Amino acid sequence: MNAPINAPKLYDCRDAFASTLERLAAENETIVAVCNDSVGSSKLGGFKAKFAERLVNVGIAEQNMVGVAAGLANGGRLPFVCAAAPFLTGRSLEQIKADISYSNANVKLVGISSGMAYGELGPTHHSIEDFAWTRVLPNLPVIAPCDRIETAAAVEWAAAYNGPCFLRLSRVGVPDLLPEGHKFELGKANLLRQGSDVTLIANGTLTHRILKAAEILAERGINARVLNLATVRPIDEDAIIAAAKETGAIVTAEEHSIFGGLGSAIAEVVVDNAPVPMKRLGVPGVYAPTGSAEFLLDEFGMAPSAIADAAQSLIRRK
C-alpha cells in the first residue's frame with residue numbers, strides 16, 4: 001500500500017545516533033564503541049570504517065561487554081555500549097548495577113531496537129521491561145528520544161555528561177517533531193501542544209501518536225496538552241504537577257509494560273503532589289505476542305484514535 005501523499009517522512013533514530021557518534025569520535029579520540037556482534041543493527045558500520053581500532057566487538061557476551069566498557073572507562077576512554085535493548089538490560093542487569101551505576105562509571109549504554117521493534121521475533125526480543133529495570137538504579141539517567149533530532153541532541157549531551165546513562169532507541173521510523181538545532185536538557189519535558197482539558201504524555205515512538213490523538217480530540221472539541229517526556233529519570237516533576245493541576249487528567253502511553261515504566265514514574269509524582277485521574281496505556285502485564293511493532297501498539301490500545309478515546313473517557317472522571 002502506498003503512503004498517503006501528505007504523510008510525513010519517517011526516520012530511523014539509529015541513523016541519527018550513528019552519524020552523531022561518528023562526528024563526536026572525530027573530535028574526541030577517547031570515544032570508543034563496544035558492541036555484542038551488533039555492528040549492523042547498531043548502525044556502527046561507518047564508525048568501524050573510520051575508527052576500526054576504536055570498535056570493540058565482544059561477540060554475543062553482553063555481561064562481558066558491560067564489564068569491558070567499565071574497564072575502558074576506568075582507563076580514560078569514553079565507551080558507548082551498543083546492543084539490542086532486551087539483551088543489554090536483561091542479560092547484563094547485575095553488571096549495569098555494580099560496574100556502571102554503583103561505580104558511577106562514565107559509560108553510555110545504548111539500547112537499540114527497544115520496545116517491540118523486534119516484533120516479528122517474538123516475546124524474547126521485546127524490550128518492555130527496560131524502563132523498570134534501569135530507572136530504579138541510582139546515578140543512571142534514562143532517556144528515550146522521540147525523533148532523530150532529539151536522538152542526536154541526546155547523544156551530544158551524553159558524550160559531554162560525566163557519568164553513566166541509558167539511551168533507549170527504537171528502529172521504528174518516526175517523523176520529526178522537534179525543531180532542528182534542538183538542545184537536549186536532562187530532566188526537562190518538551191511542551192509540544194498546549195491544552196487545558198487533559199494532558200497526554202509519552203516518549204520515544206509513542207510521542208507522534210499522542211500528537212495525532214490530540215488532533216483527533218481537537219476535532220471533538222477537546223483541548224489536549226501534549227508533553228514529550230524523554231527523560232524517565234530524573235523526571236520533570238514540575239511539568240507533571242503543572243499538567244495535573246491545570247488540566248485535571250493525564251493519559252500516558254508507552255512501548256513498555258504499564259508496570260514500572262513511564263506511566264508508573266508519572267503516577268508516583270501525581271499521587272504525591274496533585275492526585276488526578278490517570279490512564280496508563282502500554283502492555284498490560286502480559287508477554288506481548290509476535291507481530292509488527294505497529295500491529296502490537298494498535299493491539300494494546302495505542303492507535304491515535306484509541307488514545308483519544310481513552311482521554312475522552314478519562315475526562316468524564318474529572
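A cavity is a set of grid points where a 1.4 Å probe fits but cannot get out. The legends below concern a predicted model.

Figure 1. Ser114, Pro145, Ser170, Gly204 and Thr205 are the closest to its centre among the 14 residues that line the largest cavity. Sorted by class, the lining of the largest cavity consists of 7 nonpolar, 5 polar and 2 charged residues. Both domain 1 (11-174) and domain 2 (190-316) contribute to this lining, with at least three residues from each. A search of the whole structure for cavities of 30 Å³ or more finds 1.

**Figure 2. The two domains of the chain and their contact.** The domain assignment divides the chain into domain 1, residues 11-174, and domain 2, residues 190-316. A distance of 26 Å separates the C-alpha centres of domain 1 and domain 2.

**Figure 3. The largest pocket and its lining.** The space in the largest pocket amounts to about 220 Å³. Its lining is made up of 12 residues, of which Leu10, Gly173, His208, Lys212 and Glu294 are the closest to the centre of the pocket. Two helices, α8 (207-219) and α11 (293-299), each provide at least two residues of the lining of the largest pocket. Helix α8 gives the most, with 3 residues. In terms of class, 6 nonpolar, 2 polar and 4 charged residues form the lining of the largest pocket.

**Figure 4. The second largest pocket and its lining.** A volume of about 160 Å³ is found for the second largest pocket. Its lining comprises Ala16, Arg23, Arg148, Ile149, Ala152, Ala153, Glu156, Glu180, Gly181, His182 and Lys183. Helices α1 (13-27) and α7 (148-160) are the elements that give two or more residues to this lining. The largest share, 5 residues, comes from α7. Divided by class, the lining of the second largest pocket holds 4 nonpolar, 2 polar and 5 charged residues.

**Figure 5. The packing of helix α3 with helix α5.** Two packed helices are described by the angle between their axes and the distance between the axes. For helix α3 (residues 62-74) and helix α5 (residues 93-102), the axes come within 9 Å and cross at roughly 5°. Angles under 35 degrees count as roughly parallel, and α3 and α5 are therefore roughly parallel to each other. On the α3 side, the contact involves Gln63, Val66, Gly67 and Ala70, which meet Gln95, Ile96, Asp99 and Ile100 of α5. The residues of this contact of α3 with α5 comprise 4 nonpolar, 3 polar and 1 charged.

**Figure 6. The cis peptide bond between Arg233 and Pro234.** Arg233 and Pro234 are joined by a cis peptide bond, for which omega is about -5°. Pro234 is placed in the loop that runs between β10 (231-233) and α9 (237-247).

**Figure 7. The backbone at Lys43.** Although Lys43 is not a glycine, its phi is positive, at about 60°. The loop between β1 (31-35) and α2 (45-50) contains Lys43.

Note on methods
Residues numbered from 1 in each chain as written. Predicted model: local features only at pLDDT ≥ 70, side-chain atom pairs only at ≥ 80, totals over all residues. Heavy atoms only, no water. Axes fitted to C-alpha atoms, helices over the stretch in contact; angles between N-to-C directions. Helix = DSSP H or I, 4+ residues; strand = E, 2+ residues; numbered from the N terminus. Parallel < 35°, antiparallel > 145°, perpendicular 65-115°, else oblique. Contact = heavy atoms within 4.5 Å. Nonpolar A, V, L, I, M, F, W, Y, C, P; charged D, E, K, R; others polar. 1 Å grid on protein atoms, 1.4 Å probe; cavity = no way out; pocket = protein on both sides within 12 Å on 5 of 7 lines; lining within 4 Å. Points joined across faces, edges and corners; volume = space filled by probe spheres on them. Domains from an automatic or database assignment.
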